[in-house]
Amino acid sequence: MTGLPGFDGDIFLRSFPVQPGELKDKLFIINEEDGGLSDEHITSLRRYVPTMDDVEMYKSHKGPVSELHIVDQYMME
């Protein structure tokens, strides 16, 4: 799958301080002091927002998310 811009996305996400399954919860927390993401992390994530074609590709995935590449796991979130 890997709709995220290839190698750069992989490098970025491997060093990202949040696991794929935690991403939604972290995005709902407004303040970094309360466990939310920093402004820098949110800005970095915005560079990797999936396209509409990527969204459709991910919606069509039927297998377990845990078996996907880490980039795809983040995109599924």
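Helix 2 gives the lining of the largest pocket its largest share, three residues. Please keep in mind that this is a predicted model. Helix 2 (23–27), helix 3 (39–46) and helix 5 each contribute at least two residues to that lining. The lining residues are Leu 23, Lys 24, Leu 27, Leu 45, Arg 46, Tyr 48, Val 49, Pro 50, Tyr 74, Met 75 and Glu 77. Sorted by class, eight of them are nonpolar, three are charged and none is polar. The space in this pocket comes to about 220 Å³.

I turn now to the largest nonpolar core. It has 13 residues, and those touching the most other members are Phe 12, Leu 13, Phe 16, Leu 23, Leu 37, Leu 45 and Tyr 74. Helix 1 (6–14) and helix 5 (70–76) each supply at least two residues of this core, and helix 5 provides the largest share, four residues.

Which residues is Leu 37 in contact with, leaving aside its neighbours within four places in sequence? They are Phe 16, Val 18, Leu 23, Lys 26, Leu 27, Glu 32, Ile 42 and Leu 45.

Finally, the charged pairs. Lys 59 is exposed, at a relative accessible area of 58%, whereas Glu 56 is partly exposed, at 45%. Thank you for your attention.

Notes. Residues are numbered from 1 along each chain as its sequence is written. This is a predicted model: local features need pLDDT of at least 70, side-chain atom pairs count only at pLDDT 80 or more; totals for chains, interfaces and linings use all residues. Side-chain values use heavy atoms; hydrogens and water are left out. Buried means under 20% relative accessible area, exposed over 50%, partly exposed in between (1.4 Å probe, protein chains only). A nonpolar core is a set of buried Ala, Val, Leu, Ile, Met, Phe, Trp, Tyr and Cys residues joined through side-chain atoms within 4.5 Å. Contact means heavy atoms within 4.5 Å. On a 1 Å grid over the protein atoms alone, a cavity is a set of points where a 1.4 Å probe fits but cannot get out, and a pocket is an open set with protein on both sides within 12 Å along at least five of seven lines; lining residues have an atom within 4 Å of a point. Grid points are joined across faces, edges and corners, and a volume is the space filled by probe spheres set on the points. Ala, Val, Leu, Ile, Met, Phe, Trp, Tyr, Cys and Pro count as nonpolar, Asp, Glu, Lys and Arg as charged, and the others, Gly among them, as polar.
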